[in-house]
Structure formats: C-alpha cells, structure tokens
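Hi there,

Here is the structure I promised to pass on. Please have a look at it first, and then read on for what turned up.

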Amino acid sequence: MEYAYTAIDAVYVWTRGGYQVARDPDDYPLFIAVRAQDLEDWERFFDRFGIPTVLDRIPSTEIDGRLQVVVEPLERIRVETVDGRPVIPLSETVEFARGHYATFEPALEMLDRMYETVETGAKHRQDPA
C-alpha cells in the first residue's frame, strides 16, 4: 500500500534527521499520508500490532501505548523518496513548515541551505547561552 511521510515526519525526512520536534519516548505520533481507498486496510494493519490510527493527533493519555499513527487520507499521494523513505514533495513540506513557522523556523533555514530549489527566507537566530 502506498504511503508517504507527511507533516512533522516529512520535515524530519527532508532535513535528513537534522530537525526533529514533538518526539517523546512516551508520546510518539507518526504522520503518514495514505490513499483514501486504503484507509481501512491501514487501520487493520496497525490494529494487528495494537497501534491506534487516528485522523487527528490525540493526547497520549487517551491511548494505550506510546505510538499512534496519524493518517491523512488523500485521493492521490504525490511521493518522493529521500534516503529510501517515501515522503511528500519538498514543496508541500515547506508549505507545512511555513504554516507552523514558530515551530519550524530552524527547519526552514536548514531546508533553505540544503536544497537549491528552496527559498524560505527563514533566518533563525539563537541567542548565545
């Protein structure tokens, strides 16, 4: 079944692991886009392992276990590959990160440096410690 990392996981993949956010060993959401026609199959697949699939992230206190798979059902998935991982296109990832600028400003700057086709204008500055 076709899938692609999306949302925060797309940022992680496109930065080649250089930017990771919202990762806690006790609360680990995984964000993937799947074809809408395959949604029930994905739910059955993850259910075999006791992993909840949700359309919107839910608090970790409302699930058993640490992992939840947040699925984004789409009619068609545009998939690119980075280091062997299926991921939404870079342009969609940048659009997502821009939509959550406060969280992803450092990632946008990284993407700006990593890819010639990306111009985010992000200029993250960390204050000296």
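A residue is called buried here when its relative accessible area is under 20%, exposed when that area is over 50%, and partly exposed in between. Please keep in mind that this is a predicted model.

With those cut-offs, let's start with Trp 42. Its relative accessible area is 8%, so Trp 42 is buried.

In soluble globular proteins, nonpolar side chains tend to be buried together. The largest nonpolar core in this model has 35 residues, of which Trp 14, Ile 32, Val 87, Leu 90, Phe 104 and Leu 111 touch the most other members. At least two residues of this core come from each of β1 (3–5), α1 (7–14), β2 (28–35), α2, β4, α3 and α4 (101–114). The biggest contribution is from α1, which gives 6 residues.

Leaving aside residues up to four places away in sequence, Leu 90 touches Trp 14, Glu 80, Leu 111, Tyr 115, Thr 117 and Val 118.

Over in helix α4 you will find Leu 108. Its relative accessibility is 0%, so Leu 108 counts as buried. Leu 108 and Thr 93 are 15 residues apart in sequence, with 9.6 Å between their C-alpha atoms.

Finally, the largest pocket. It holds about 170 Å³ of space. Which residues line the largest pocket? They are Thr 6, Ala 7, Ala 33, Glu 72, Leu 74, Ile 77, Arg 78, Ile 88, Glu 92, Glu 95 and Phe 96. By class, that lining has 6 nonpolar, 1 polar and 4 charged residues. Both β4 (67–74) and α3 (90–99) supply at least two residues of the lining, and α3 has the largest share, with 3 residues.

Happy browsing, and do write back with any questions.

Best wishes

Conventions. Residues numbered from 1 in each chain as written. Predicted model: local features only at pLDDT ≥ 70, side-chain atom pairs only at ≥ 80, totals over all residues. Heavy atoms only, no water. 1 Å grid on protein atoms, 1.4 Å probe; cavity = no way out; pocket = protein on both sides within 12 Å on 5 of 7 lines; lining within 4 Å. Points joined across faces, edges and corners; volume = space filled by probe spheres on them. Helix = DSSP H or I, 4+ residues; strand = E, 2+ residues; numbered from the N terminus. Nonpolar A, V, L, I, M, F, W, Y, C, P; charged D, E, K, R; others polar. Buried < 20%, exposed > 50% of the residue type's maximum accessible area, 1.4 Å probe, protein only. Core = buried A, V, L, I, M, F, W, Y, C linked by side-chain atoms within 4.5 Å. Contact = heavy atoms within 4.5 Å.
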